Amino acid sequence: MTTLAPPPPVREDGPRHRAAPPAAGGGFAARTRRLFTGAPDDPRWARPALWAILVLATVLYAWNLSSITGNTFYDAAVYSGTKSWKAFFFGALDAGSFITVDKPPFALWVMGLSARVFGYGTWQLTLPMVTVGVGSVALLYRLVKRDFGPVAATITALALTLTPITVAINRDTNPDPILVFLMLLGAAALLKAVRTGRLMPLVWAGVAIGFAFNTKMMQAYVVLPAFFLVYLWAAPGGLGRRLRNLAVGTVALVVSSAWWMVVVDLIPASSRPYIGGSTDNTVWDLVIGYNGFGRIFGASSSVGSQGNGASFGGEAGLYRMFNEIMGGQISWLIPFAVVALVGGLVLRGRAPRTDARRAALMLWGGWFALHYLTFSLAEGTFHPYYVTAMAPGVAALAGAGGVMLYRAFRDGSAAKWGWVLPGAVAASTVWAVVLLQRVSGSGTLYTVAQVVAGVAGAAAVIGLLVGRFTKRRRLVGVAAVAAIVALLAGPAAYSVSAATSSTNGTNPTAGPNSGGGMGGGQRPSGVPSGTNSSGGQSMGQPPSGSGSSSSSSSTGTRQAGGGGGMGGGTQVTSDMITYLKKHQDGATWLVAVATDQTASSIILESGEPVISMGGWSGTDDAMTLAKLKSLVKAGELHYIVVSSDGGQGTNSEIATWVKKHGTAVTDHSGLYRLDASDVS
């Protein structure tokens with residue numbers, strides 16, 4: 001009797017569109033072909049759609065690179081690292097390694113290696129950021145596709161690509177794009193560990209988050225509660241085995257996180273730079289203070305120079321992500337993502353404990369919720385671009401959860417699902433129109449986006465309801481496409497704006513200025529009045545080795561102030577820089593100034609090491625009178641800029657001594673010359 005084999009399983013995304021090639025056709029050629037055409041059982045449109053999204057991401061992130069204004073703070077540190085391997089390792093702001101930036105150095109290493117290979121310049125520093133930004137889109141696509149199919153993955157990738165703040169930050173030299181990519185690598189390894197139950201993927205997840213820690217410290221740990229919960233809940237094997245594996249993974253996490261910190265803190269302070277942002281010259285204090293609890297609780301006894309609560313994202317609170325500053329950067333899909341998360345978990349409610357889809361929903365839901373609460377409630381320094389770390393969670397929920405809601409709605413499995421998807425689309429459309437109404441009058445681009453969102457949203461809701469109750473599946477499918485257009489029209493407008501305009505390098509945002517952030521020229525409370533909130537000069541070209549005239553330089557003057565009294569209110573001009581280079585007389589450092597912002601601008605214009613005595617906002621105790629005397633006596637420093645009004649705080653002793661023993665330089669207010677003979 002003939003036995004018929006059961007038919008092959010049908011993917012939830014639809015039937016197979018092409019037959020699998022024979023096994024004999026494997027090898028390099030077959031793998032290369034699959035790279036462009038996708039897996040044999042993927043729909044024919046899937047891989048071309050992915051490539052189109054990746055091309056779109058590349059264009060948005062890399063458009064007109066020459067106009068990109070990087071963060072001069074990090075740009076100067078990268079430049080210094082190309083001149084000194086010691087500065088490279090420590091992440092020092094200056095090639096003389098006097099003080100570090102206030103972050104660990106992994107992102108600086110990535111940009112620094114690019115600059116060492118290709119030379120220092122705009123595209124060499126932004127190339128790694130564009131690369132990891134596009135890589136994050138591709139990686140998130142792969143993660144969502146494995147559990148939810150190509151439709152969900154395509155929507156997810158497009159949503160992440162068009163997240164406005166993600167476009168803005170991927171066109172910058174802040175470390176956040178590298179942080180996001182490393183966190184996604186950790187998520188990929190975690191999900192593999194959950195699926196297979198094997199230990200090594202969990203170890204690699206810990207290693208990836210450890211490298212993320214060495215990119216931006218405690219922010220990398222925001223996702224850890226979700227990682228631990230998902231593995232404990234959904235990984236195969238007994239509870240004891242899961243706990244043992246988690247313990248080993250935690251060891252990997254700690255080692256990969258702490259190795260640089262331990263090495264640096266074991267080196268005598270006299271043999272390394274001062275740790276910028278710390279209160280006691282240790283990386284550990286930076287971890288728990290300025291880059292840890294100081295960000296959450298604001299001013300404390302251990303927050304270094306973080307600005308004591310300065311916020312560029314509006315008042316802390318659960319509404320922060322929806323306010324005038326943050327709303328257009330990240331909130332477009334949040335209403336839909338929340339509904340999709342809840343609906344998806346309900347739909348998987350009776351699945352086995354190890355169900356991969358529920359585990360993925362838990363991961364992305366936890367990723368979103370933890371970032372949302374952390375950023376919304378943070379009382380310390382908060383910049384809008386931080387929330388790019390939340391974007392993968394929002395995008396994954398919108399794509400994966402949205403497709404789950406669509407299938408439940410389309411199949412009519414339960415009457416209660418008849419209103420969930422239309423309701424979610426309607427709510428998100430209304431919110432998109434509200435966000436676009438906030439910037440009405442800012443340009444035709446936003447007006448068109450508002451009309452498209454409103455019309456497409458209304459058509460989507462009506463089409464979904466009519467198609468559902470008349471059982472016209474094709475109409476439901478068309479309405480779903482209209483919903484995608486409605487929900488992404490606003491983000492697309494903001495993203496195009498970010499890609500075609502010059503953003504603020506220190507605090508990049510997308511879209512028109514909405515009255516917050518540095519882009520509007522306003523200084524939030526908590527930032528010292530002397531601080532150059534614009535971040536100094538544009539990255540532009542590599543230092544030329546000679547100063548330009550003040551009349552022709554776009555960076556003709558820069559504040560030497562920033563709290564603490566050393567240089568507060570004193571202007572450092574290009575003419576002054578030219579004078580300093582002419583009279584450097586073999587000193588290691590060109591000049592000492594109050595803050596990182598001033599120092600970084602001078603480093604980039606002069607190409608010479610410059611001392612930042614007070615760190616980011618002038619309150620670090622990096623320079624002491626004894627240290628200053630030692631540098632002057634050894635001939636390593638001859639010039640210092642001090643305030644014309646006498647100084648204040650902990651630095652007043654230095655300002656007073658310099659004015660008493662130094663020689664004021666004629667025609668350059670606030671500049672003093674010190675020689676070994678001036679040190680008693």
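**Entry 1**

I started at R673, which counts as buried because its relative accessibility is 16%, under the 20% cut-off. I note here that this is a predicted model. Which residue forms a salt bridge with R673? I found D585, with the closest N and O atoms 2.9 Å apart. I then looked up where the two sit. R673 belongs to strand β7 (residues 671-673), while D585 is in the loop between α21 (574-582) and β3 (592-593). They are 88 residues apart in sequence, so the pair ties together separate parts of the chain. Is D585 buried or exposed? D585 is exposed, because its relative accessible area is 51% and the cut-off is over 50%.

**Entry 2: The whole protein**

Next I stepped back to the totals. I read 680 residues, of which 59% count as buried. I listed 24 helices and seven strands. The protein exposes about 26,000 Å². Carbon and sulfur atoms supply 63% of that area. Residues 24 or more positions apart account for 71% of them.

**Entry 3: More salt bridges**

How many salt bridges does a search of the whole structure find? I noted 10. The pair in my first entry, R673 and D585, is a salt bridge. I looked up two more pairs.

In one of them, the side chains of E324 and R438 meet at 3.7 Å, N to O. This pair links distant parts of the chain, 114 residues apart. I placed E324 in the loop between α13 (283-297) and α14 (327-330). R438 is in helix α18 (residues 420-438). E324 counts as partly exposed, because its relative accessibility is 45%. R438 also counts as partly exposed, with 27%.

The other pair is R473 and D411, whose side chains meet at 3.0 Å, N to O. R473 lies in helix α20 (residues 473-500), and D411 lies in helix α17 (residues 391-411). They are 62 residues apart in sequence, so this pair too ties parts of the chain together. I read 42% relative accessible area for D411, so D411 is partly exposed. Which residues are linked with D411 in a network of salt bridges? I found R410 and R473.

**Entry 4: A positive patch**

Two helices, α6 (122-148) and α9 (176-196), each supply at least two residues of the patch. I picked out K192, which is in helix α9. K192 counts as partly exposed, because its relative accessibility is 37%.

**Entry 5: Two backbone angles**

S97 has a positive phi of about 60 degrees. I placed S97 in the loop between α4 (85-90) and α5 (106-118). Is S97 buried or exposed? S97 is buried, because its relative accessible area is 6%.

K471 has a positive phi of about 55 degrees. K471 also lies in a loop, between α19 (444-469) and α20. I read 73% relative accessible area for K471, so K471 is exposed.

Methods: Residues are numbered from 1 along each chain as its sequence is written. This is a predicted model: local features need pLDDT of at least 70, side-chain atom pairs count only at pLDDT 80 or more; totals for chains, interfaces and linings use all residues. Side-chain values use heavy atoms; hydrogens and water are left out. Helices (H or I, at least four residues) and strands (E, at least two) are DSSP runs, numbered from the N terminus. Buried means under 20% relative accessible area, exposed over 50%, partly exposed in between (1.4 Å probe, protein chains only). Contact means heavy atoms within 4.5 Å. Accessible areas come from the Shrake-Rupley method with a 1.4 Å probe; for residues, only the protein chains shown count as cover. A salt bridge is a side-chain nitrogen of Lys or Arg within 4 Å of a carboxyl oxygen of Asp or Glu.
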